[in-house]
Each structure stands twice: as structure tokens, then as C-alpha cells.
Amino acid sequence: MDKSERLQQTRLSQLVNTFGLPRLIIAGFLLFLFIVAPIAGADLPTQITNVFNRFSWNAVLVLAMVPMVHSGCGLNFGIPLGILAGLLGATLSIEMGFTGALSFVMAILISTPFALLFGGGYGLLLNRIKGGEMMVATYVGFSSVSFMCIMWLMIPYKNPSIVMAYTGVGLRNVFSLENFYANVLSDFLKIDLNPIGINLVIPTGSLLFFALLAFGMWAFLHTKTGTAMTAVGSNPTFAKAAGINVDRIRMLSVILSTWLGAVGILIYQQGFGFVQLYTAPFYMAMPAVAAILIGGASVNKASVGNVIVGTILFQGLVTMTPTVMNALIHIDISEVVRIIVSNGMIVYALTRKTEGGK
Amino acid sequence: MRGIKKDFFGNQVLTDINFTLEAGQVLGLCGENGAGKSTLMKILFGMDVIRETGGYSGDILINGEKAAFNTPFDALAAGIGMVHQEFSLIPGFTATENILLNREPQKKNVISEVFGDRLNTLDYKEMDRRAAAAIEKMGVEIDAKMIISSMPVGHKQFTEIARELSKDQLKLLILDEPTAVLTEKEAEALLDSIRGMAAQGISVIFITHRLHEILAVCDKVVVMRDGHVVRDVPAGQTSVDDITRWMVGRDVQSTAASIETKAEAADAKIIMSIKNLWVDMPGETVRDVSLDVREGEILGIGGLAGQGKLGIPNGVMGLYEAGGTVVFDGREIPLNSPRKCLDSSLAFVSEDRREVGLLLDESLEWNVAFPAMQIQDKFLKKLLGGLIKWRDERAIHQVTQKYVDQLQIKCTSTTQKARELSGGNQQKICLAKAFALEPKFLFVSEPTRGIDVGAKALVLDALRQFNRESGVTVVMISSELEELRQTCDRIAIVSGGRVAGIRPAADSSESFGALMVSQVV
């Protein structure tokens, strides 16, 4: 008996080692929520639909973390910069009068040059402050969002569906995408089980689009340049000695990350149905960072698998806690849980930075 | 010291060291780099590294009593002072303040009466007096009021020594290469002050590469080699030549030189010609090196640490800022650009395995194949007409497996992480990485540093085989002269950032030894 106990213990510790303790705890908690949900009176299929939706909104933003982690620039706390490029694409596309699915395509096309430009400048900056990327990135995110708060008022937008209703000057805080690209992806090949009495909807189009980008990222990391990117992140001196232009690879990763941030926010908006401007991008970086860390990434290693697992766990937690907890104890603690989990996860990952490479 | 033994991770660096030192004696400690001098002194001074790496065995007896120092503070309390090679002074403080730092004489004042001793005022008059006394002991003139950062190097060195001397309980002073940074005149003054200290009953252990200084000032000389004490003689009964021979040679006369020295090497064409090379590599500055390398030979570059031998490959390969001209195979190679060098079929195995040589967190396959993949587009599958260069995992696995077999690399599989291998096997991976590039010319820097004897032989054999069979020109940089003599055709000795001389490997150890110390700066 002693033996089997010990065997169990080693198995458990192996599981903890391979899967990671925090992930195990969160996955366990999520499972608990799923079990408790029906008991607490929440409709499980609806909950699952919510998790699917939230996953499809956020996954690309989390994917945007991957290139910079690979090139050793750390977690992209500066993702708001990419988001701003996306917002410029979105507003300009609508301003130019595009509607429907075309407005989504145009938003991506228009945001791309902005993402390249912003990412390029951001990359130049990060190449000058090697070692302190994450801290500087945070401030880049903050200051650029503040700057754009001014610009949203200054740029002479005219389209009545997005400017302030009374004055006609400056953009609104929030505007609906109903006539533009709300749900253009998620309605594509949508699987809706409501007709047969189950409240389950799967946003196939959004998931496919994410799958496409994720496959692209996976494939990129298997190419020559992708391999170089991983090596730069793993040991920049080694990469330099192997004749790689370390700064250029880092720059590429930052641009890639920024562009994915731009596309990510557009996908978020099409699922959410609204565009949020001004200070809204502030709050996008932390959940994305937390999600990829929960997924098992470290400050210098991340994979597409980490993105998928992390987004499901984090968004699952965020979606499930309010309904289930509210039903159980009638207090809204969801926000508290979200903040504790996301910030706690980031702190946890940063303390393990040196060990992260394992 | 009696029977001192120390190993780093199973790598024996000190074996059975015994020597004694009497009060007021000056002991000169010399030996090649890696002979174990510094490790021995660290043990004596109770440095943290020793304890962290598993402690040592043997006893240190001071005045007949066994002493065991766990921290430098213990050693200080026992009256041992040490002046390190690198300065540990506060640049913005005056000499006096540095000399008496944290041991300042204090006066009570009103505030400290209330809040405790930590708020006592410093007694500057007393400090000046003590600092002056300490400087006086050395017998040199330094302005005690001068700020450290505006002092010449020599005076900084004296300030450090004065700091140790100002400790009343000082019985033994360890000086680790104190004259390395001094001009000849300053060194003279320092030697005088060492004599002065000895006259006052302080014992001194004096480590230096300048052998004539040892003869000038020491009462006895201890020569170390490969972690052994090879000679322990009174200084009066020896000479620079003797010491040199003890330092470098195993059996000076009988050592067979290179197994098969190439006779025709002399008229082979020159494949690389280095002219007036300077390299700004910290600690290994190259000042003015001109060197011709003949096609197909193994050229050794030797010399003492810090003399610039490591700077040569690092400079040519563009890893450190460099200037001068390097002509390879009839074409001039631009410096400061690693890519250009690698494109011209040069390869480099760095002395810094862990920092430069390996991707510690990646698989062996990546480590071996990466440079060849990036530089020569090997191990890639071209998709969509070359638009996408896809990593060819199978080819990578095959080439890694080939070198794992060929070099007898001990690993669980080719996907094991490089970090998990032992030093010797890591070194072999570094070689495999260079071999995979199939270069025409290979720089190998310190290929046997920190690896055991068995692995050493294998690495050297692999290099020689690579040279003989593939006709690759190899330049090997090593601190171990014997290793160079066994492997190379010719050996260039670098001293003071310049080439002091090039000799056939069959030359006697003494002649190399003399070259090594000829221009030491």
C-alpha cells in the first residue's frame, strides 16, 4: 500500500510538472463550475455557447503574443498599439462608406499599413532597450492609447453613424457595428442547435478564421525565418554568431505581433458587435497576457497550443464565474475573480522568468 | 595548507596541495592559467563559490590551529586580507574613505546618543591619521584626499592594498596579480612595499605572471600546474627559466610534439592573412596582430589569459569591434559582420559554450543544424517554388544522428535539450555545429576548457581528423600549451596583444614559455 501511495504521488507530481500547477488548479475550478452550473440553475448549453463565443473573440489577440515571446521580446504588454491600428482601420473603413462584410475586409486592409508603421517604430524602440522590453511595452501601450484619445476627437470623421450625435465632431465612445461587420465571421457556417431545442450556437466562421491564423503562425515557426526567430529568443548571442541580424528578426516579430493585435481587435469587434474607443484598449493587454500564461507559456517560450488552452481556460473562467457564482451566492464576484486570476497569473509567470526556459 | 582538494562538478582542479608559509615571509605563487591558483586563494579566503560548489577537503592551519572559513568575513576576522585582480573601490569616495570604509573611527554626538551608534559622526581626523599610517606602511606617496575616480590605476591599486594594511589584525595578505595594471616604476614601488610589509611581520602570498618580480621579492616560490604543486623552492635557488619550465612542461624533453607534423607545410599557400588586427574585446584586447595561416595546417595560438589570444577569432568573426585587414582566400573579409565571415566558409567554435555556442533550451538537432540552415539554406524544403523555406526535420535528424555517432556524443536522443548534456558533450555539439557548416576554415577557441581528460582527447582527435581528412584549415586557440603542441603544426604565442613569435610545435616548452611572458602588459 505504501508503494502504491508513493506511485500515486509520483504520478501526481509528474502531472503537475507536465501540465503546470496553476493550469491544473484553474482547469479543475472550471470543471467544477461546469458541474455546478446546472445545479445552480444555469443552462449549460448557453454557458458553452458563451465560452465558444468569448474564445472566438479573444483567441487572435492572445495569438498576437506568440511572435514577440519567440523572439525574446517578452510578453507584448504593448498590444494596445496594435489595437489602435485596428481601430483606425475600423473607423476609416466605416468613414469611407463600406458596409457589410466588405467593411470588415477593408478594415483589415486599412489597418495593415498602420500596424506596419506602428510596429516598426515600436520595434525600433524595443531594440534599443533590450532586457527591459516588457516594462517599456506597458508604457508604450498606455501612452499611445492616451495620444489616440486626443486623435479620436481631432481627426475629422464625418460619418454620422460613428461621430458624436450632438456636435458632430469627434468619435463616439462606443458605436454599434450592426450595419457593418457585426457577426460577419461568426455567422459564416454557423451551427445553431436552437431549432432542436438546445441553446447551443457554434460560431464556426470565427473559429475557422482563428484556425487559419493559428495555422499560419505554426507554419511560420517551421520556416527558416521562424526558426531564426525562436533561436533569437532562446540565445541572441548564439543567433548573432550564426550570422543572424538579431535586430531585424526582433523587429519582424514586433510588427507581426502588432498586426495580429490589429486583426485581433477587429475580430473581437465583429463578435462583440460594438467598437469601443478612447480608453478601452487599456484593458485589452492584461487578459491576453494572462490567457497565454495560463496556457502554459513562459516569458520566453510560447506555442499555438498554449494560446488555445489558455484562451479556453481564461475565457471559460471569466464567462462561467458570474453566472454560476451569482446563482449560488447572489453576489457579483466575477470581476474580482477575473482580476485576481489575470494579475496573479502574470505575477506568477514573471517570478518564474529565469526558470521559464525549461 | 595541507592536502587541499577541490573539484568542480567532478572535475578535479586541485589535488593534494601542501605548502607552508611563515610569518613575515613572501611566497610567490605562479602557474599557467587554469593551474588552480585562483581556486586555491578562493578557498583560503572563504569565498562563496567554494561552498556553493560543494566545499573542499583538506585543512588550512593558521598558527597551528585549524581554520575553516565559510565567508570572506571569517577570513577577514582571522587576519587574512585579499586584493583582487579587479578593483573593489567606490569611485566617488576619497582614498581615506575607501581605506576605512565601514571601519571608520566614530565620535558620539547628540543624535546618536538618542538613536544609537548607527548615527555616530565619523572622526575624520582619526581617519586621516590611520589612512596616512596605512599608506606609510607601504612606503609610497598617495594623496589620501584624492577621489578614487581621478586617480591613476597604480594609485588605485595602492589604495586597495592600504585598505588591507589598515586592518590591525592583518597577518596574511593575498595579492592576486597586483602588478598586472601597473607601470614598471609603480611595480617597483609595490615590490618595495611588499618587502616593507614582510619586514613588519606580515606574510604575503603574491600571485603574478611576471616571473622576475617573484625572484626579486619572494622568499620562496610555489609553482602549480594542473592542480598540483610541482615545485616548492626557496626563491634564491631558482631562475626564471626554471620556473617557466615547471609551469608549462610536463616532461619537457620527452614530450612528443605533433604526431605527424607536415613537412611540406612551409611552402603551402597562405589561405588567411591577418594584418594589423585590433580587437576591442574586454579583458582580451588585441593590439596589433599580423598573422599568416597556411592552407591545410593546424595553427595553434597560445598565450596567457588576458593577453589577447581569444580576441583574435572573436574579432575576425565579427563578434567584437575590430579593425585591420583580413584577407581570406584572396578576398578581403569585412570585419564586424559575422554573416560575411560565415558566407565565406569560415566557422567559429566559441570559447563561451553556454553563452555563444549553444541554444541551451533547444534540442541537439536545432543546435547542430541551425547555422547551416540559416547560412547555407541546408536542411530546408522549398515549397511553392522556393517562396517558403520549410524546416526539413528528417534531414536535421539525420545529420545530428551522424555527428552524435561520429563524435560519440552521449545523449538520450537527438531531441534532448543541450542544457542537459555534460560539458564535454556540449563541446562536441559545438564542434558538430561547425562541422555541419562544412567550412574551409575553422576557428576553435578553447575547445577543451572545463572538460575531462577523456573528452579532451576525443575532441582533439576529432579536430585533427577533420583537418587531415577534409583538408580544412584549423586555427586552435588554447591556454594549454601541451595540448597545442600535441595537436598543431605551428604555434603562435600572443603576448600583450601582439604575436610574440611563431614556432614549430616541436620546439621546446621553454621557448614557448619565454615568448608567453615576453611582452606581458
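In strand S15 of chain B, Ile298(B), Gly300(B) and Gly302(B) point one way while Leu299(B) and Ile301(B) point the other way, and all are buried. The model is predicted. Chain B has 521 residues, of which 45% count as buried, and chain A has 358 residues, of which 46% count as buried.

**Strand S15 of chain B**

- S15(B) spans residues 298-302 and is mostly covered, with 5 of its 5 residues buried.
- In a regular strand, side chains alternate between the two faces of the sheet.
- S15(B) runs parallel to strand S22 (residues 473-477) of chain B, and 4 bridges join the two.
- S15(B) also runs parallel to strand S23 (residues 490-495) of chain B, again joined by 4 bridges.
- Gly300(B) stands opposite Met476(B) in S22(B), and its bridge partner in S23(B) is Ile491(B).

**Chain composition**

- Chain B contains 19 helices and 24 strands.
- Of the contacts in chain B with a separation of 6 or more, 67% are between residues 24 or more positions apart.
- Chain A contains 14 helices and 4 strands.
- Of the contacts in chain A between residues at least 6 apart in sequence, 75% join residues at least 24 apart.

**Contact between chains A and B**

- Chain B contributes 24 residues to the contact and chain A contributes 16 residues.
- On the side of chain B that touches chain A, the elements giving two or more residues are helix H12 (338-343), helix H13 (353-357), helix H14 (364-376) and strand S20 (388-391) of chain B.
- H14(B) supplies the largest share of that side, 5 residues.
- The residues on the chain B side comprise 15 nonpolar, 3 polar and 6 charged.

**Helices H14 and H16 of chain B**

- H14(B) packs against helix H16 (residues 423-436) of chain B at an angle of about 35°, and the axes are 7 Å apart.
- The crossing of these two helices, H14(B) and H16(B), is right-handed.
- From H14(B), the residues Leu364(B), Asn367(B), Val368(B), Ala369(B), Pro371(B) and Ala372(B) take part, meeting Ile429(B), Ala432(B), Lys433(B) and Ala436(B) of H16(B).
- The contact of H14(B) with H16(B) has 8 nonpolar, 1 polar and 1 charged residues.
- An α-helix has 3.6 residues a turn, so residues three or four places apart point the same way.

**Domains of chain B**

- The domain assignment divides chain B into domain 1 (1-79 + 170-249), domain 2 (91-168) and domain 3 (263-518).
- Where domain 1 of chain B meets domain 2 of chain B, 13 residues of domain 1 are in contact with 10 residues of domain 2.
- Helix H8 (residues 184-199) of chain B gives the most to the domain 1 side of this contact, with 6 residues.
- The domain 1 side has 7 nonpolar, 4 polar and 2 charged residues.

**Open sheet of chain B**

- An open sheet of 6 strands has the order S6-S9-S10-S3-S11-S12 (chain B), with mixed pairing.
- Strand S6 (80-83) and strand S12 (228-234) of chain B are at the edges with a single partner strand each, so one side of each has no neighbour in the sheet.
- From one strand to the next, the twist averages 15°.
- Strand S3 (residues 26-31) and strand S11 (residues 220-225) of chain B pair in the parallel sense over 5 bridges, and Gly28(B) has Val221(B) in S11(B) as its bridge partner.
- Helix H1 (residues 37-45) of chain B packs on the sheet, where it touches S3, S6, S9, S10 and S11 of chain B. The direction of H1(B) makes about 150° with that of S9(B).

**Helix H9 of chain A**

- Helix H9 (residues 224-234) of chain A has 9 of its 11 residues buried, so it is largely enclosed by the rest of the structure.
- Among the buried residues of H9(A) are Met229(A), Thr230(A), Ala231(A) and Val232(A).
- The cover over these buried residues includes H4, H8, H10 and H11 of chain A, together with H14 and S20 of chain B.

**Phe87 of chain B**

- Phe87(B) lies in the loop between S6 and helix H4 (95-99) of chain B.
- Phe87(B) is partly exposed, with 16 other C-beta atoms within 10 Å.
- Leaving aside neighbours within four places in sequence, Phe87(B) is in contact with Lys156(B) and Glu160(B).
- Thr159(B) is 72 residues from Phe87(B) in sequence, and the two are 9.7 Å apart in space, C-alpha to C-alpha.

Technical notes: Residues are numbered from 1 along each chain as its sequence is written. Chains are lettered from A and ligands numbered from 1 in the order in which they are written. This is a predicted model: local features need pLDDT of at least 70, side-chain atom pairs count only at pLDDT 80 or more; totals for chains, interfaces and linings use all residues. Two residues are in contact if their C-beta atoms, placed from the backbone, lie within 7 Å. Ala, Val, Leu, Ile, Met, Phe, Trp, Tyr, Cys and Pro count as nonpolar, Asp, Glu, Lys and Arg as charged, and the others, Gly among them, as polar. Axes are lines fitted to C-alpha atoms, for helices over the stretch in contact, and angles run from 0 to 180 degrees between N-to-C directions. A crossing is left-handed if the near helix is turned anticlockwise from the far one by less than a right angle, and right-handed if clockwise. Domain bounds come from an automatic or database domain assignment. Two strands pair if DSSP finds at least two bridges between them. A residue is buried if 20 or more other C-beta atoms lie within 10 Å of its own, exposed if 12 or fewer, and partly exposed in between; C-beta atoms are placed from the backbone.
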